[in-house]
Amino acid sequence: MEQKEIMIRLKGITKAFPQKKGTLEVLHGIDLDIEKGEIFGIIGLSGAGKSTLVRCINLLERPTEGQVFLDGQELTCLSEKDLRQARRSMGMIFQQFHLLMQRTAMENVCFPMEIAGVKKAEAREKAKELLELVGLGDRMESYPSQLSGGQKQRVAIARALATNPKILLCDEATSALDPNTTAGVLELLKDINKRLGITIVVITHEMKVIQEICNRVAIISEGKIAEMGSVQEIFRAPKTQIGQELVFHEGSNREAYAGKLPYCYRVVFKGGISNEPVLGRMMIDCNGVANILAGNTRNIDGEVFGQMILQFPEEEALRKKMIQYLKDQGVEVEEVAYV
Ligand SMILES: Nc1ncnc2c1ncn2[C@@H]1O[C@H](COP(=O)(O)OP(=O)(O)OP(=O)(O)O)[C@@H](O)[C@H]1O
């Protein structure tokens, strides 16, 4: 089997913040390997500890316990000076862009290079290339106030790339953007990953962002990893309750099945809901009817999947027969247990 190279390794990361009384432990011993060149997602509900975890990767937060390795080098044992150097290998973008408002797009991108001591002409040349890469070749002299949210995030991405990082950490990078702009920025991140081979870590509370660009995902809940795997695996059959909540509610009509309806199941078809005739055949062959409560199609890591929420009949024998029929056709069927 092909041996994957590890770009980021977290070993037993614990983070506790001092409180007035005692401490608040926010991360409880996280172990995580992120491979070179992958786009890895970290998803969780608000307060789960995602931002703290990502800030522990570049040591903006010092973990209370545990080790962080970047491309084989342990960061947690470096002096502040060596750490400053190592941080140049780690770009970061944020929800609120954090651009310098008094500087043009060009000057913002030059800024980290100035700090790193790159000569001005060289920095400008590199900034120009990067701004062209992110599609802002014609807005180099614009100030942030003259740019849209999506354009500001593109400047922030160019700035994050200015020190030739090995990894790019994205903390809710599209949460402040509308759906169209989000799609454009995610497309850009995918392109950067492909073209420059940079490992990307995406922190988000939105499953659709993960589905759009990530290869693998870790679901974090209450400071622990609840579930981890390929995005396809987790979309098809999330194992934990938090995984199910994040996957099931995404893009479907929650109201349609959150009304405590009995016998509701989520079915997942490979090939999208264009495979719906399977449902028709099931109803004819089993002589029973299922209500379609919600449905959509998703493109995940290059493959199309459809998901539907179905309500099956009350009669147990018939319900089991119908469910077995679908399973025999290779359809994933899982009870929506928590509604
Ligand atoms: N500097 C800090 N001091 C004290 N508590 C903190 C600090 N930073 C984060 N926390 C606490 O840690 C917990 C996790 O916060 P974190 O921001 O990592 O979660 P999150 O999953 O990113 O959520 P959100 O998406 O809402 O930001 C929260 O209870 C938060 O109040």
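**View 1. The shell around the ligand, by residue class.** The shell around the ligand comprises four nonpolar, seven polar and one charged residues; Ala, Val, Leu, Ile, Met, Phe, Trp, Tyr, Cys and Pro count as nonpolar, Asp, Glu, Lys and Arg as charged, and the others, Gly among them, as polar. The model is predicted: local features need pLDDT of at least 70, side-chain atom pairs count only at pLDDT 80 or more, and totals for chains, interfaces and linings use all residues. Residue numbers start from 1 along each chain as its sequence is written. The residues surrounding the ligand are F17, L24, V26, G44, S46, G47, A48, G49, K50, S51, T52 and H205; a residue is near a molecule if its C-beta atom, placed from the backbone, lies within 6 Å of it. At least two shell residues come from each of β2 (23-35) and α1 (50-57). The largest contribution to the shell is that of α1, with three residues. Helices (H or I, at least four residues) and strands (E, at least two) are DSSP runs, numbered from the N terminus.

View 2. An open sheet is formed by four strands in the order β2-β1-β4-β5, with antiparallel pairing; two strands pair if DSSP finds at least two bridges between them. β2 and β5 (73-74) are the edge strands, each pairing on one side only. Five bridges join β1 and strand β4 (residues 65-70) in the antiparallel sense, and K11 stands opposite Q67 in β4. Helix α1 lies across β1, β2 and β4 and runs at about 60° to β2. Axes are lines fitted to C-alpha atoms, for helices over the stretch in contact, and angles run from 0 to 180 degrees between N-to-C directions.

View 3. R9 belongs to strand β1 (residues 6-18). R9 is partly exposed because 16 other C-beta atoms lie within 10 Å; a residue is buried at 20 or more such atoms within 10 Å, exposed at 12 or fewer, and partly exposed in between, with C-beta atoms placed from the backbone. Neighbours within four places in sequence aside, R9 is in contact with D33 and F69, contact being defined as C-beta atoms, placed from the backbone, within 7 Å. I34 is 25 residues from R9 along the chain, and the C-alpha atoms of R9 and I34 are 6.4 Å apart.

View 4. Six strands make an open sheet in the order β6-β7-β8-β3-β9-β10, and the pairing is mixed. At the edges are β6 (90-94) and β10 (224-230), each of which pairs on one side only. From one strand to the next the twist averages 15°. Strands β3 (residues 39-43) and β9 (residues 216-221) run parallel and are joined by four bridges; F40 has R216 in β9 as its bridge partner. Helix α5 (residues 149-161) packs on the sheet and touches β6 and β7 (167-171), its direction making about 165° with that of β6. Helix α9 (residues 241-248) lies across β3, β9 and β10, at about 115° to β9.

**View 5. Contact between the two domains.** The chain is assigned domain 1 (6-241) and domain 2 (251-335), with bounds from an automatic or database domain assignment. The domain centres, taken over C-alpha atoms, are separated by 37 Å. Eight residues of domain 1 contact nine residues of domain 2. On the side of domain 1 that touches domain 2, α7 (207-213) and α8 (231-236) each supply at least two residues, and α8 has the largest share, four residues. That side of domain 1 divides into three nonpolar, three polar and two charged residues.

Terms used
Two residues are in contact if their C-beta atoms, placed from the backbone, lie within 7 Å.
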